[in-house]
Amino acid sequence: LAGHWRGVRAEGVPPSSDDVANGFAGKMQIDVSGDLITVTTGADKDSVHYKVVSEDKTTTVIATDKDGPTEPQTFTFVDEKTMRWQVIAGKAVVFNKE
């Protein structure tokens with residue numbers, strides 16, 4: 001999870017929303033260092049501390065200080081340079097590591 005990730009596209013959105021969702025995803029960035037995760041969406045930037053709830057070779061689940069353990073965040077790694085953040089069930093943002 002550590003490093004700088006840049007949004008590439010949205011997944012799981014209706015075809016009628018593809019352009020808007022992909023535009024939003026393309027402006028997203030995630031920076032992870034130590035126990036701090038920073039999510040940038042256009043002009044907004046939010047940094048919070050997190051704890052790893054579970055992880056294996058392809059998936060890391062975290063709980064942030066902001067959302068707490070009842071709203072875990074799931075990151076799935078397609079390969080070393082591609083990550084999928086499941087925003088809500090069936091919807092995700094794909095990121096490339098820079």
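These legends go with close-up views of a predicted model.

**View 1. Eight strands close up into a barrel.** From one strand to the next, the twist averages 35°.

**View 2. The helix α1 sits against the sheet.** Here α1 touches β1, β2 (28-33), β3 and β8. The direction of α1 makes about 180° with that of β1.

**View 3. β6 and β7 run antiparallel, side by side in the pairing.** Five bridges join β6 to β7. Look for T76, which stands opposite R84 in β7.

**View 4. The largest pocket holds about 250 Å³ of space.** Its lining is made up of 13 residues, and V39, D46, K66, D67 and W85 are the ones closest to the centre. Sorted by class, the lining of the largest pocket comes out as six nonpolar, three polar and four charged residues.

**View 5. The second largest pocket has a volume of about 200 Å³.** This one is also lined by 13 residues, and F24, M28, V87, A92 and V93 come closest to its centre. Two or more lining residues come from each of β1 (3-11), α1 (18-26), β3, β7 (82-88) and β8 (91-97). The top contributor is β8, with three residues. By class, the lining of the second largest pocket has ten nonpolar residues, plus one polar and two charged.

Key
Residues numbered from 1 in each chain as written. Predicted model: local features only at pLDDT ≥ 70, side-chain atom pairs only at ≥ 80, totals over all residues. Heavy atoms only, no water. 1 Å grid on protein atoms, 1.4 Å probe; cavity = no way out; pocket = protein on both sides within 12 Å on 5 of 7 lines; lining within 4 Å. Points joined across faces, edges and corners; volume = space filled by probe spheres on them. Nonpolar A, V, L, I, M, F, W, Y, C, P; charged D, E, K, R; others polar. Helix = DSSP H or I, 4+ residues; strand = E, 2+ residues; numbered from the N terminus. Pairing = 2+ DSSP bridges. Axes fitted to C-alpha atoms, helices over the stretch in contact; angles between N-to-C directions. Contact = heavy atoms within 4.5 Å.
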